[in-house]
Amino acid sequence: MISLIMLGSVINYLTRSTLAVAAPTVLQELHITAREYSWIVGAFQGAIMAQPVCGYVLDVLGLRIGFAIFAISWSFVNMAHSLANSWPALACLRGLLGFSEGSANPAGMKATSEWFPAKERGLAGGIYNIGASVGSMLAPPLVAWAILAYNWRAAFLITGSLGLIWAVLWLLFYQSPDRHGGLSEQERAYISSGQEKHLQSDGSRPSLAKILADRNFWGIAVPRLLADPTWGTLSFWLPLYLSSVRHMDLKQIALFAWMPFLAADFGCVFGGLVAMRVQKRFGISIINARRCAFTLGALLMLGVGFVGFVKSPYAAIALLSLGGFAHQTLSVTVITMSSDLFRKNEVATAAGMAGTFGNAGLLIFSLLIGGLVATVGYTPFFICLGLLDLLGAAVLWTLVRERDTAPGRVQTLQGAI
C-alpha cells in the first residue's frame, strides 16, 4: 500500500515539476517575464492552499474513491497545459492543477494513519514522501528529453498521461485494512494494537473550527509555513537559477537539477529513522523524538545560506542538495505529526489545513523572488531559507503538547531535551 501511495506521489510531483523544468523554453517562446512567471507559480500555490477542502473530501468520500477523482483531474489539467499560448492561460491551468494536486499530502497521511502503527508512521511517511523527491528528480531528464526530442507541449502530454495510468492502478489495488482481502487477522491485529486508542475515529465528520482551536494544529502549521518555501524554491526556481545565474544550458540543467531531489530521497527516510532511533535510545515520547528530528534538519538547513557565496556551480549544487536532504528530514517529520495528534477521521483534514499554511509560505516566498530577484538576486533568499527552519523548530517545541489517553485531557511534555 505504501508503495502504491509513493508511486502516486511520484506522479504528482512529476507533473507539478514539468513547468519548472520547461520554464526556460516556455518563457522564451511565449515571451513571459520573470514577474509573470512568479504569478503563474503563485496561481498554483494559491490554489493548492485549498488542501483542507481536499482533505475534507477524502475524509467524507473515503480515500480510495476521493483520491482517484483528484488524480484523474490533475492528469487532464496537466495535459491541457500543452494548449496554452499565454501566461494568463498558464496561470489558470496552474490554479486548477494546484487545487487537484493538493490532495496528495492529505491522502498520504490518511493512508499512513490507516495502515501503520504509531511507531512506524514516521518511517512510512518518509517512504511515501520519497515520491515527492523522485518525481521532482525525474522531471529534469524526462522533460528535457521530451523538449529536445519533440517540444515543450509534448512534455505535458507525457507526464499527464502517466497520472491516468496510476489512477487505474489505485482503483484496482487500494483498500483500507479492514476491507483488504490479503491481510490476515494477525496482521490486522498488529496494525490496530500499535495505534493510539484515543485517536481512533469517533464516526463524526471533521470540524474545521475544532481543529483551528487546537494549539497542536498551530504547532505543526506554523513550522510548515516557515519550511515549505525551501521545497518551492527547489521545485519552481532552481532551473531558472541555474540558467540565469550559473549559466547552464538545458542539457546541463538536466544533468544537475535532479541532484537536490535525490538527496531529498535520503532525507525522507533519515527523518523517520532518526525519530525511531532517538525514541528507542532515550526512552522519550514519539512527539519529542519527532521534534528532535525536525531540529536536526533545521540545523543542517543552515548550509543553504551559503549557496550565493560560493563561486563554483558544483559547490552550489552540493549545498542545494544538502538543503534538499535537510528539508525532507524536517518536513516529513512535521507532516507525520498530524497523524500523532488528530483522530483518524480528522487526519486528512488537519494535514490539508497545515498544508495550506505551508503553501502560503511558499506562495509569499515565490512572489518575493519574482518581484525582487532582478534587483537583489537570489542570495538573500537562500540566507532566509537557512534561517526560517530554526524559527520553525522553536515553534514546534513551544506549542505542541501530547494528548493524554483520557479524552479531553492534555498533558505537558516530559523529558524535553
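**Loops, cavities, salt bridges and a surface patch**

His-31 is exposed, with a relative accessible area of 69%, where exposed means over 50% relative accessible area, buried under 20% and partly exposed in between (1.4 Å probe, protein chains only). The model is a predicted one, in which local features need pLDDT of at least 70 and side-chain atom pairs count only at pLDDT 80 or more, while totals for chains, interfaces and linings use all residues. Residues are numbered from 1 along each chain as its sequence is written, and side-chain values use heavy atoms, with hydrogens and water left out.

His-31 sits in the loop between α1 and α2, helices here being DSSP runs of H or I with at least four residues, and strands runs of E with at least two, numbered from the N terminus. The phi of His-31 is near 55°, a positive value in a residue other than glycine. Most residues other than glycine have a negative phi. His-247, in the loop between α11 and α12 (250–256), also has a positive phi of about 55° although it is not a glycine, and His-247 is exposed at a relative accessible area of 64%.

Within helix α1 lies Ile-2, which counts as buried at 14% relative accessibility. The C-alpha atoms of Ile-2 and Phe-116 are separated by 9.6 Å, although the two residues are 114 residues apart along the chain.

What space is left in the interior? Rolling a probe the size of a water molecule over the atoms shows where empty space is left. The structure holds six cavities of 30 Å³ or more, a cavity being a set of points, on a 1 Å grid over the protein atoms alone, where a 1.4 Å probe fits but cannot get out, and lining residues being those with an atom within 4 Å of a point. The largest cavity has a volume of about 310 Å³, the volume being the space filled by probe spheres set on the points, which are joined across faces, edges and corners. Of the 26 residues that line the largest cavity, Tyr-13, Arg-16, Arg-224, Asp-228 and Trp-231 lie nearest its centre. Elements that give two or more residues to this lining include α1 (2–30), α7 (118–149) and α11 (215–244).

The structure also holds six salt bridges, each defined as a side-chain nitrogen of Lys or Arg within 4 Å of a carboxyl oxygen of Asp or Glu. One of them joins Asp-59 to Lys-110, with the closest N and O atoms 2.8 Å apart; because Asp-59 lies in helix α3 (residues 51–61) and Lys-110 in helix α6, the pair ties together parts that are 51 residues apart in sequence. Both Asp-59 and Lys-110 are buried. Another joins Arg-290 to Asp-340, with the closest N and O atoms 2.4 Å apart, and Arg-290 is buried at 3% relative accessibility, as is Asp-340 at 7%.

Helix α17 (residues 379–399) gives the largest share of the nonpolar patch, three residues.

Terms used. 1 Å grid on protein atoms, 1.4 Å probe; cavity = no way out; pocket = protein on both sides within 12 Å on 5 of 7 lines; lining within 4 Å.
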